[in-house]
Amino acid sequence: MNLLSSLRYLVALQEHKHFGRAAQACHITQPALSNAIRALEREFNVVIVKRDRNFAGLTPQGERVLASAQLMLHEHANLQQELQSETMLPRGAVHIGAVPTAIPIAARFAAMLHTRHNGIQPVVLSLSSNELEQGLEDLTIDMALGYSDRMKVQGGKLRVWPQYVEHYFLLRRADKPNAKGLQIGKPITWKESANLPLCLLTPAMHNRAIVDAAFTTAGVRASPAIETNSIMTMMLSVVEGSVCSVLPGSLVDTVRGYGELEALPLVEPDVKTRIGFITHAQARPSRALEAGLVLAQDGAWLRHAAAHSGLMIA
């Protein structure tokens with residue numbers, strides 16, 4: 001039995017929760033995956049998988065084996081990076097997950113990290129807050145860029161690296177196009193904006209909870225004309241349609257070149273949400289992740305993030 005391969009198959013089974021899909025993801029047959037899981041059970045003399053007609057989850061003993069498997073595979077990947085890296089030249093992948101509203105900042109970070117260390121391969125993923133939390137827990141995400149106040153940092157399992165503060169704007173079509181690009185209008189209250197036709201993220205997105213809370217504080221409830229889980233849809237619906245969108249500054253920054261649009265700072269209440277990188281505090285970081293954390297604390301980078309997150313606009 002190849003122990004590492006079997007542990008990798010177990011992690012895939014937990015991720016896909018289906019024997020066939022897990023086998024496909026691992027590029028093996030379903031019987032081969034099943035045999036590998038049974039070999040693990042014989043190795044540790046415990047039942048790992050609850051068996052029914054379909055995958056029914058892991059036993060308590062299986063959860064413990066899974067946690068060890070994730071750590072062992074993490075350490076294996078770290079060792080491979082160390083052996084392939086020269087003394088001052090880290091190499092390998094670093095997986096960066098980000099909530100959709102922070103993707104523009106995550107993209108800038110990844111580009112700057114690769115420029116500094118061309119041996120590092122950033123992998124940027126757009127994930128929900130729940131997916132970020134799960135990715136940090138099972139070590140499939142190295143760095144999560146998201147709402148640091150939301151993350152479960154109790155018990156010292158996670159560590160937060162503050163990055164910037166999210167400000168909110170109403171994005172709408174301008175009365176007159178501006179040849180110089182995006183126009184910044186006068187502030188508008190959340191109460192006033194609730195009366196406009198809005199395109200908002202779906203209720204399942206954490207950003208929508210922040211927006212709804214702001215409307216509630218303002219004493220109103222918004223009934224969106226369009227709902228979506230796509231950031232692109234939120235912006236293009238304003239460009240091509242007759243609706244407005246509530247967007248954080250990091251997304252407003254990406255449409256600076258659109259002279260037909262204007263962004264109005266939202267006030268009363270003045271909502272400010274802290275965004276940070278979150279990492280696993282107990283797992284040993286890879287060389288690539290160490291380089292990423294150095295950049296995340298670099299003053300030049302933090303000023304760059306602030307300038308493109310809407311802080312300077314606000």
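Guide: Helix H5 (residues 103-116) and helix H11 (residues 287-296) have axes that come within 10 Å and cross at roughly 115°; helices are DSSP runs of H or I with at least four residues, numbered from the N terminus, while axes are lines fitted to C-alpha atoms over the stretch in contact, with angles from 0 to 180 degrees between N-to-C directions. This is a predicted model, in which local features need pLDDT of at least 70 and side-chain atom pairs count only at pLDDT 80 or more, whereas totals for chains, interfaces and linings use all residues. Residues are numbered from 1 along each chain as its sequence is written, and side-chain values use heavy atoms, leaving out hydrogens and water.

The crossing of H5 and H11 is right-handed, that is, the near helix is turned clockwise from the far one by less than a right angle. On the H5 side, Phe109, Met112, Leu113 and Arg116 meet Ala291, Gly292, Leu295 and Ala296 of H11, where contact means heavy atoms within 4.5 Å. By class, this contact of H5 with H11 has six nonpolar residues, one polar and one charged; Ala, Val, Leu, Ile, Met, Phe, Trp, Tyr, Cys and Pro count as nonpolar, Asp, Glu, Lys and Arg as charged, and the others, Gly among them, as polar.

Elsewhere, helix H1 (residues 3-16) packs with helix H3 (residues 30-44) at an angle of about 110°, their axes lying 9 Å apart, and this crossing of H1 and H3 is left-handed. Among the residues that meet there are Leu3 and Tyr9 in H1 and Leu33 and Ile37 in H3.

How values were computed:
Helix = DSSP H or I, 4+ residues; strand = E, 2+ residues; numbered from the N terminus.
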